[in-house]
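Thanks, everyone. Please have the sequence and the model up.

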Amino acid sequence: MTVRHLVIPDTQCKPDQSYDHLEWAGKYAAAKKPEVIIHLGDHWDMPSLSMYDVGKKSFEGRRYTNDIEAGHRGMEAFLKPIRAEQQRLRQNRKKVWNPRMVFLVGNHEQRIERAIENDAKLDGLIGYEDFKLDEYGWEVYDFLEPAIIDDVAYCHYFTSGVMGRPVSSARSMLTKKHQSCIMGHVQDRECAYSKKADGTRITGLFAGIYYAHDEDYLNHQTNGSWSGIWMLHEVNKGQFDEMPVSMSYLEKKYGTNI
């Protein structure tokens with residue numbers, strides 16, 4: 001039996017941004033009804049807990065509560081069309097589409113754990129429970145804990161070497177993990193292919209990003225990466241046909257309806 005996986009890479013919701021693109025992704029999900037939805041993590045950007053620009057002018061005004069609320073607004077935008085479609089099916093007495101939803105904690109969400117480790121007074125005041133992922137219906141995997149679904153390995157990123165650095169390329173990921181793997185974390189998309197000894201096809205995919213903003217730490221050459229989501233068709237025993245779905249396509253199809 002083959003199934004479809006909808007894969008959402010880093011969304012990095014920040015305060016004072018538009019979340020329309022997440023509603024477009026939700027509408028696409030509701031229209032296509034994949035059996036599994038996987039979010040690769042870094043949905044909450046958490047700039048208030050960043051250690052990279054503390055003391056800089058750009059850090060002024062950041063608040064933990066605003067970061068949490070930004071992620072919730074983005075999550076509600078994504079889930080709104082999905083819930084509406086489920087309700088429509090119930091009202092029409094049709095079989096309700098109820099996809100398995102998997103969320104992989106990213107390094108930006110993990111900033112909460114690092115903040116608590118650096119300041120024990122925060123223990124019990126902030127935590128992953130602020131994301132309310134269980135209430136939203138997500139099955140949660142911890143930071144760098146792989147989720148194996150239909151023999152495809154998903155993780156925010158896969159590591160290489162004893163220091164646990166992110167793998168440097170999709171090809172390297174295949175070479176080191178020996179199975180189909182999909183990760184986020186990296187700005188650009190990249191795909192590599194290989195086969196096992198028995199002829200089974202394996203695919204390594206850097207899924208890219210799904211947000212429209214530029215990052216301050218990047219420059220004119222490194223910003224502007226491809227942004228979109230992925231539908232994996234005919235997933236079976238680690239094999240699949242990947243289909244990129246760009247943000248620009250989703251905007252053209254669903255943007256006028258918002």
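Contact here means heavy atoms within 4.5 Å. This is a predicted model, where local features need pLDDT of at least 70, side-chain atom pairs count only at pLDDT 80 or more, and totals for chains, interfaces and linings use all residues. Residues are numbered from 1 along each chain as its sequence is written, and side-chain values use heavy atoms, with hydrogens and water left out.

Start with Asn-107. Leaving aside neighbours within four places in sequence, Asn-107 is in contact with Asp-42, Arg-114, Phe-143, His-156 and His-185. Asn-107 sits in the loop between strand E3 (100-104) and helix H3 (111-118). Helices (H or I, at least four residues) and strands (E, at least two) are DSSP runs, numbered from the N terminus.

Is Asn-107 buried or exposed? Buried, at a relative accessible area of 16%. The cut-offs: buried is under 20% relative accessible area, exposed over 50%, partly exposed in between, with a 1.4 Å probe and protein chains only.

Next, Gly-228, in strand E12 (residues 228-236). Gly-228 is buried, at 0% relative accessibility. Beyond four places in sequence, its contacts include Pro-9, Ile-209 and Met-247.

Met-247 takes us to helix H6 (residues 247-254), where Met-247, Leu-250 and Tyr-254 are buried. Down the axis of H6, the buried residues fall within an arc of 60 degrees, so they line one face of the helix. That arc is taken from the directions from the helix axis to the C-beta atoms. What covers them? Among the elements over the buried residues of H6 are helix H1 (20-32), E12 and strand E13 (239-246).
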